[in-house]
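Hi there,

Here is the structure I promised to pass on. Have a look at it first, and then read my notes below.

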Amino acid sequence: MVSFDITSIGTVRNERTDVQNSDYWGAVRSTIVVDERFGDACLQGLELFSHVEVLFVFDQLEEPGDYREPRPYRGRADLPPVGIFATRGPRRPNRIGVTTCAIASVSGRELTVVGLDAVTGTPVVDLKPAMREFTVADVEQPEFVSKLMADYFRP
């Protein structure tokens, strides 16, 4: 397998600190402070977009190590077991997370977003403006996922 290094481009700052508290992210305001090596104009133009895709690392949780056996969503025995790539949970290979967030403000190297499901101190590895052309229109998913995730982005 090929391995490579990724260096964070910034850090999340918000009021959330408990990595086990995994619901109600909808109203969470986070400021992503981009590293000074990118300069004060690194976010210029991002304010023209309504949303941004934030790629980050779940660095505060350990990987389980063995991904071969399907497991129930969120460890709940009442849900069907699924393989690791049928989940979006934080305990995954490379621990990479991605969330599309509403942009609240852009100022210098600070990007404030709403709905980022990452706790304070989380390293950000990339930012990409959300564009309609990259968004899937008709997503299908199992009904149990809809029920399970009903409160995830609720304020």
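What follows covers the pockets and then the nonpolar cores.

Please keep in mind that this is a predicted model.

The largest pocket has a volume of about 1,500 Å³. Its lining is made up of 49 residues, and T87, R88, G89, P90 and Y152 are the closest to the centre. Strand 3 (51–57), strand 4 (71–72), strand 6 (96–107) and helix 1 (143–148) each give two or more residues to that lining, with strand 6 providing the largest share, five residues. By class, the lining of the largest pocket has 25 nonpolar, 14 polar and ten charged residues.

The second largest pocket holds about 320 Å³ of space. You will find it lined by M1, V2, S3, F4, I6, V57, N94, R95, I96 and V125. Seven of its lining residues are nonpolar, two are polar and one is charged.

Now the cores. The largest nonpolar core contains 18 residues, of which I32, V52, V54, L111, L116, V124 and L127 touch the most other members. At least two residues of this core come from each of strand 2 (29–34), strand 3, strand 6, strand 7 (110–114) and strand 8 (123–129). Strand 3 supplies the largest share, three residues.

Best wishes

Notes. Residues are numbered from 1 along each chain as its sequence is written. This is a predicted model: local features need pLDDT of at least 70, side-chain atom pairs count only at pLDDT 80 or more; totals for chains, interfaces and linings use all residues. Side-chain values use heavy atoms; hydrogens and water are left out. On a 1 Å grid over the protein atoms alone, a cavity is a set of points where a 1.4 Å probe fits but cannot get out, and a pocket is an open set with protein on both sides within 12 Å along at least five of seven lines; lining residues have an atom within 4 Å of a point. Grid points are joined across faces, edges and corners, and a volume is the space filled by probe spheres set on the points. Helices (H or I, at least four residues) and strands (E, at least two) are DSSP runs, numbered from the N terminus. Ala, Val, Leu, Ile, Met, Phe, Trp, Tyr, Cys and Pro count as nonpolar, Asp, Glu, Lys and Arg as charged, and the others, Gly among them, as polar. A nonpolar core is a set of buried Ala, Val, Leu, Ile, Met, Phe, Trp, Tyr and Cys residues joined through side-chain atoms within 4.5 Å. Buried means under 20% relative accessible area, exposed over 50%, partly exposed in between (1.4 Å probe, protein chains only).
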